[in-house]
Amino acid sequence: MSDVSFVRTEMLPQKAPPASTVGLVGWLRENLFSSISNSILSVVSGAFILYVLVNLLGWVISPTWGAASLAECRTILHDLGRDGHNGGACWGVIRDRWEQLLFGFYPNGSIEGVPDLRWRPVLAFVLFAVALAPVLFSERMPKKMIYFSMAYPFIMPWLLWGGTIWAPLSAAAGFIIGFIVYKALEAQFGALVGLVASVLAAVIWWLFLAAGVAGQLGEILPIGLMDVESRAFGGMMLSLTIGVVAIACSLPLGIVLALGRQSDLLIVKSICVGFIEFIRGVPLITLLFVASTLLNIFMPPGTDFDIIMRVIIMATLFSAAYMAEVIRGGLAALPKGQYEGADSLGLNYWQAQRLIIMPQALKISIPGIVSTFIGLFKDTTLVSVIGLLDPLGLSTAIRADTAWNGLVWELYGFIALMFFVCCFGMSRYSMYLEKKLQTGHH
């Protein structure tokens, strides 16, 4: 009997994988029910989560939005057969005080003769989103929008605090004067001399000339907005104002401190190291107390330095010290070949930092930078200890009202939600930026 061999000349059609290994069923088997112990833990955890969600949703979904007091909330819940206040949240306090939690005591037309000015902070933060767009999404936005981003730091304080329009314009003129001085001296005396002279010219303008020029122009052309005192600021608007300005200022200052700490110049390095170590060794709340009480002692007699500006300065310095260490870590992570490559191209120190070193160091440091930003934004709640009414400070004032005395979770939950939205947005943008700048292979 002879053997007959067979060789297939066509490929068999591909079969679908078993239904138990793909889709939702496959994911559940692989991640939750891969073994007996995992199955038991998954069932127990699922039952606990379901129990918590049922009770939490029953508390959150509460028909008390129209209540005018805690007593009225309890009456509504009692009529529904729920166990008093524990049977549901009293959302009437949010309906009654949400504007205060957002704007503090910013003029809202409630006082006779004072108009509703809350459109100004709303416009300021809408324009902030517009100014931020070309910075965060540069590849999708028109390049000319960057000019508005450069002008926005002078528009925002004018909208929030008001006053003559010549004040922000005179402040912007200081940068123009510094740039003109730098260009005039750079060619003859070098970049370092030009930089020092430009900084001195701008500081002299801001300290001794800008206020007088703005006052004279204000008398000739009185164009401006109604003044709003800093004590009227509060709520989420106050936290956003302090957080946004401190975050925007701390990043460039942190870069300068990180470069100064790695400098070969002994005096520059000593100053940067001393500043960073001192600030990192002192709690932020101590710096805020210094800003609110002791800083005026060192100012000339009669000086009225705005309390919010003092807090912004201290928060910026505090964040910049931590930012410097984050960026220094990014600089240390770069291989030595990057520095040698910059030298081989004939680049000077500043060209190498701007074109080769710093872009890579900042990309490496993105997670740490964003974490510092988020921490600083959450730390703005500490201003309540020096008398500024941030959302937490306002919650205490709201609970002091007899109508809402005893409420805690509703107010703190609403405040936590506002902070979560801002911090989660920063975190998601960090992940987007890391993915966009990713150059490695997976």
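Reader: Is the disulfide of Cys73 and Cys90 right-handed or left-handed?

Author: Happy to start there, with a predicted model in which local features need pLDDT of at least 70, side-chain atom pairs count only at pLDDT 80 or more, and totals for chains, interfaces and linings use all residues. Residues are numbered from 1 along each chain as its sequence is written, and side-chain values use heavy atoms, leaving out hydrogens and water. A disulfide here is a pair of cysteine sulfur atoms within 2.5 Å, and Cys73 and Cys90 are joined with S to S 1.9 Å. The torsion about their S-S bond is about 65°, so the disulfide is right-handed.

Reader: Where in the chain does Cys90 lie?

Author: The pair links distant parts of the chain, 17 residues apart. Cys73 belongs to helix α3 (residues 70-79), while Cys90 is in the loop between α3 and α4 (92-103); a helix is a DSSP run of H or I with at least four residues, numbered from the N terminus.

Reader: Which cysteine sulfur is nearest to that of Cys423?

Author: At 11% relative accessibility, Cys423 counts as buried. Cys423 is in no disulfide, and 6.6 Å away lies the nearest cysteine sulfur, that of Cys422.

Key:
Helix = DSSP H or I, 4+ residues; strand = E, 2+ residues; numbered from the N terminus. Buried < 20%, exposed > 50% of the residue type's maximum accessible area, 1.4 Å probe, protein only.
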